[in-house]
Protein chains: 2
Amino acid sequence: MSTRRALTRNQALVLDTLTACDEPLSAYAILDRLRGEGVRAPLQVYRALDKLVETGLVHRLDSLKAFVACSHPHEHDGAAVVAFAICENCARVWEFSDSKIEDRFAAWAEAESFLTKATTIEISGLCVSCRKAAEATEGAKTAV
Amino acid sequence: MSTRRALTRNQALVLDTLTACDEPLSAYAILDRLRGEGVRAPLQVYRALDKLVETGLVHRLDSLKAFVACSHPHEHDGAAVVAFAICENCARVWEFSDSKIEDRFAAWAEAESFLTKATTIEISGLCVSCRKAAEATEGAKTAV
DNA sequence: CAAACTCTGTAATGATATAACATCGGAGTT
DNA sequence: AACTCCGATGTTATATCATTACAGAGTTTG
């Protein structure tokens, strides 16, 4: 039943690189980290990424032109809509989904007879820690 | 009270180009259409786009790396979250917003203490007409 | 007037992504 | 084994998207 195929060498290298990193990487950043492993051309990385994205093990963040390993690869049963919150300071990513949101999009699509194939949701802002850090320095500044 | 400023020549040219077009255009596509008006360098277009996006008159569709004129420029009172549905066949774009969806995102952000600065929502699929056209040819094919 | 500011134009470059082509190697035959 | 099919690979070149750096022109504002 599982459509999960063994990964090829390049795919495994790319996935490992992304998994080991706690922030999104551009294709070229991945390439740089894999030169030691014999990966030399962008296309090798892009091809691996294409497959990984296709199977849901990796997500592309359009707003960053970068890629992250999926944090819930096991939950990819249905066509769940996933949202990403990206901290613009530390670049870390939170992946979540919400069935109510999904329902509203489905309702809109239904009303318009739009056939949905993919949904991209990306929220950028500041995560708790970076927010607090920013508020602290703000406070110090204005407190002078 | 209005922060609306008169547009500069380049900004007006770019906005007019986008408004006249019923599908998203890349910056370079805009440039090509404006060569006759004396626009020669990508930067002239990108600078105009930056301002237009900043004031909300134009949106950038990350998933397409392209730009569209906003369909509801007058409604840009608050920080409304806008979603885009993009037909992958005819490239037309539907812009809509839903306060319930907005509420859910706000709730997530609240729970995580995430400070939201921008939200990008892009849905790709097939619009009514393209969907029907596709189904028609599908039907013809399987009906042989 | 001069300082500060914004918009402008141009050239060069950086960053992201794909096309085209030849080759390799495994899976399933025959 | 020889054959074919098919997907992955490696390499070069090129397309597409976006920004840096620098200099000049025009306006506001003190």
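In the hairpin of strand 1 and strand 2 of chain B, four residues lie between the strands. One residue there, Lys65(B), takes a positive phi near 55°. The model is predicted. Strand 1 of chain B covers residues 58-61, and strand 2 of chain B covers residues 66-69. The two strands pair in the antiparallel sense, over four bridges.

Strand 5 of chain A pairs with strand 5 of chain B, residues 115-126. The sense is again antiparallel, and the pairing runs over eleven bridges. Gly125(A), for example, has Thr116(B) as its bridge partner in strand 5 of chain B.

The contact between the chains takes 33 residues from chain A and 33 residues from chain B. The area buried between them is about 3,200 Å². Carbon and sulfur atoms give 64% of that area. In chain A, the residues that lose the most area to chain B are Arg104(A), Trp108(A) and Phe114(A). Together they account for 19% of what that side buries.

The rule finds 14 residue pairs in polar contact, both residues being at pLDDT 80 or more. Five elements of chain A give two or more residues each to the side that touches chain B. They are strand 3 (83-87), strand 4 (93-96), helix 4 (99-112), strand 5 (115-126) and helix 5 (128-142). Strand 5 of chain A provides the largest share, twelve residues. By class, this side of chain A has 17 nonpolar, seven polar and nine charged residues. Four salt bridges are counted between chain A and chain B. One salt bridge joins Glu88(B) to Lys117(A). The closest N and O atoms of this pair are 3.1 Å apart.

The two chains are related by symmetry. A rotation of 180° superposes chain A on chain B, with an RMSD of 0.1 Å. The shift along the rotation axis is 0.0 Å. That is the relation of a two-fold axis. Of the residues of chain A, Ile121(A) comes closest to the rotation axis, with its C-alpha at 2.3 Å.

Terms used: Residues numbered from 1 in each chain as written. Chains lettered and ligands numbered in written order. Predicted model: local features only at pLDDT ≥ 70, side-chain atom pairs only at ≥ 80, totals over all residues. Heavy atoms only, no water. Contact = heavy atoms within 4.5 Å. Buried area = accessible area lost by both parts, 1.4 Å probe. Salt bridge = Lys/Arg side-chain N within 4 Å of Asp/Glu carboxyl O. Polar contact = N/O pair within 3.5 Å; in protein donor to acceptor, adjacent residues only side chain to side chain. Nonpolar A, V, L, I, M, F, W, Y, C, P; charged D, E, K, R; others polar. Pairing = 2+ DSSP bridges. Least-squares fit on C-alpha atoms with pLDDT ≥ 70 in both.
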